Amino acid sequence: MSNKIRVAVVFGGRSGEHEVSIVSAKNIIEAMDPKKYDVIPVGITKEGKWLSGDGAIESFQKGDYSGLTEVVLNAKSGAHELLHLDEKTYEKIHVDIFFPVLHGPFGEDGTIQGLFEMANVPYTGCGVLASSVGMDKLMTKAVWEEAGLPIIPYIGINKRAWEENPQEVMRRIENELDYPVFVKPANMGSSVGVSKVKNTKQLQEAMEEACSFDHRILVEKGLEIRELECAVLGNDNPKTAHVGEVLVGGEFYDYNDKYIDGKSRTQVPADISRHLEQQVQNMALRAYKVLDCCGLARVDVFYDRKTKDLHLNEINTMPGFTTISMYPKMWSKSGIAYEKLIDRIIQLGFEQHAKKNEKKVSYERAGNWFK
Ligand SMILES: Nc1ncnc2c1ncn2[C@@H]1O[C@H](COP(=O)(O)OP(=O)(O)O)[C@@H](O)[C@H]1O
Ligand SMILES: [Mg+2]
């Protein structure tokens, strides 16, 4: 048997960030050293079908899946395999580690991580808890606030409360927060469903819009900000890269800006003092640790231009990973090139798996004491 590491790179998926994920996975696979890795591309269609085969990336880009075959993950603990199913039989495909490159719901939110845990197979990135809490902006804020980390003042609203009495909800928002405010669905990314709101009429429209994406909504005080981003990498002893900045072109960093007309620019390292950079890095590390992250995450921090305070905005446990994305860019400016970063993420996945299994062994030993 070859001594290469078999990596199943999982991409696409059922979220709105399907296309971005394909580009991230394409770049990752191209950068993986074929002398070290044997790559199995596994694409998940928007309907949730898992497909594999040569040229899977190109097939997903074209939306033509005809040359691909369906695979399923064997969820039996320790099986380490995908099963390629035929009508009457199946073929086993051994996998050493899974590398999910999925953004948003059904990928970055703990669901696929739960599947890998059931199968007890190594995988890269954060585990179930950090992924699911990190995906939900209200939960993330609750945990950060409890840990004494600075967050932006906000109100959490349930869709049902909104539908039952919108006037009452709007009164509460207007009493507790001043315009402008930001309205966001708790569980989206890419600025989908996010609105900047300056008056009552816009508030109503923004709430309707956000409720069409999620049943948990947050309304946040709008600040005049500089948008800083910090890349974190590691398990027990995570490290940060140089902080980067998004220089936003329009009113705010919206979907258009991110993917369509791209008026925003990014700058790495950000043009900030060394002292401010260290403050952002320390805050990002604490934010990462309290959520029990491992592997990698990108922590987004707002610098308030008026008060000069820092506030945590959000965490992305599977940040964009194309060769021009912020996360890899921040590492390459800090001495870890794209290829090396992938090696390190895979290594961290194996280490995390080994640690969990060691813990299981000690639990088994402890179990004997109670017999
Ligand atoms: N409280 C706020 N004050 C000022 N701008 C904000 C605020 N919240 C969000 N924004 C703007 O909206 C963008 C998207 O919001 P964000 O919470 O990062 O959602 P997403 O997960 O979709 O990226 C931010 O990058 C920023 O430009
Ligand atoms: Mg964001």
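1. Ligand 1 lies between domain 2 (142-149 + 224-345) and domain 3 (153-221), because both domains give residues to the shell around ligand 1. Keep in mind that this is a predicted model.

2. The shell itself. Ligand 1 is surrounded by 20 residues. F182, S191, L223, F252 and Y253 are the closest. By class, the shell holds 9 nonpolar, 6 charged and 5 polar residues.

3. Strands around the ligand. Four strands each supply at least two residues of the shell around ligand 1: strand 9 (181-185), strand 11 (216-221), strand 12 (225-233) and strand 17 (310-316).

4. Domain layout. The domain assignment gives domain 1 as 5-123, domain 2 as 142-149 + 224-345, and domain 3 as 153-221. The C-alpha centres of domain 2 and domain 3 are 25 Å apart. Their contact takes 6 residues from domain 2 and 5 residues from domain 3. On the side of domain 2 that touches domain 3, 3 residues are nonpolar, 3 are charged and none is polar.

5. A helix pair. Two packed helices are described by the angle and the distance between their axes. For helix 7 (residues 166-176) and helix 8 (residues 200-211), the axes come within 11 Å and cross at roughly 120°. An angle of 65 to 115 degrees would count as roughly perpendicular, and one over 145 as roughly antiparallel. Helix 7 and helix 8 are therefore oblique to each other. Their crossing is right-handed.

6. Residues at that crossing. From helix 7 come P166, M170 and I173. They meet T200, L203, Q204 and M207 of helix 8. By class, this contact has 5 nonpolar and 2 polar residues, with no charged ones.

7. Backbone points to check. Most peptide bonds are trans, and most residues other than glycine have a negative phi. The bond from Y179 to P180 is cis, with omega near 0°. P180 sits in the loop between helix 7 and strand 9. Strand 9 also supplies at least two residues of the shell around ligand 1.

8. Another cis bond. V268 and P269 are joined by a cis peptide bond, with omega about -10°. P269 is in the loop between strand 15 (265-267) and helix 10 (274-290).

9. A positive phi. Which phi value does N120 have? It is near 50°, a positive value in a residue other than glycine. N120 is placed in the loop between helix 3 (111-119) and helix 4 (128-135).

Technical notes
Residues numbered from 1 in each chain as written. Chains lettered and ligands numbered in written order. Predicted model: local features only at pLDDT ≥ 70, side-chain atom pairs only at ≥ 80, totals over all residues. Near = placed C-beta within 6 Å. Nonpolar A, V, L, I, M, F, W, Y, C, P; charged D, E, K, R; others polar. Domains from an automatic or database assignment. Axes fitted to C-alpha atoms, helices over the stretch in contact; angles between N-to-C directions. Parallel < 35°, antiparallel > 145°, perpendicular 65-115°, else oblique. Left-handed = near helix turned anticlockwise from the far one by under 90°. Contact = placed C-beta atoms within 7 Å.
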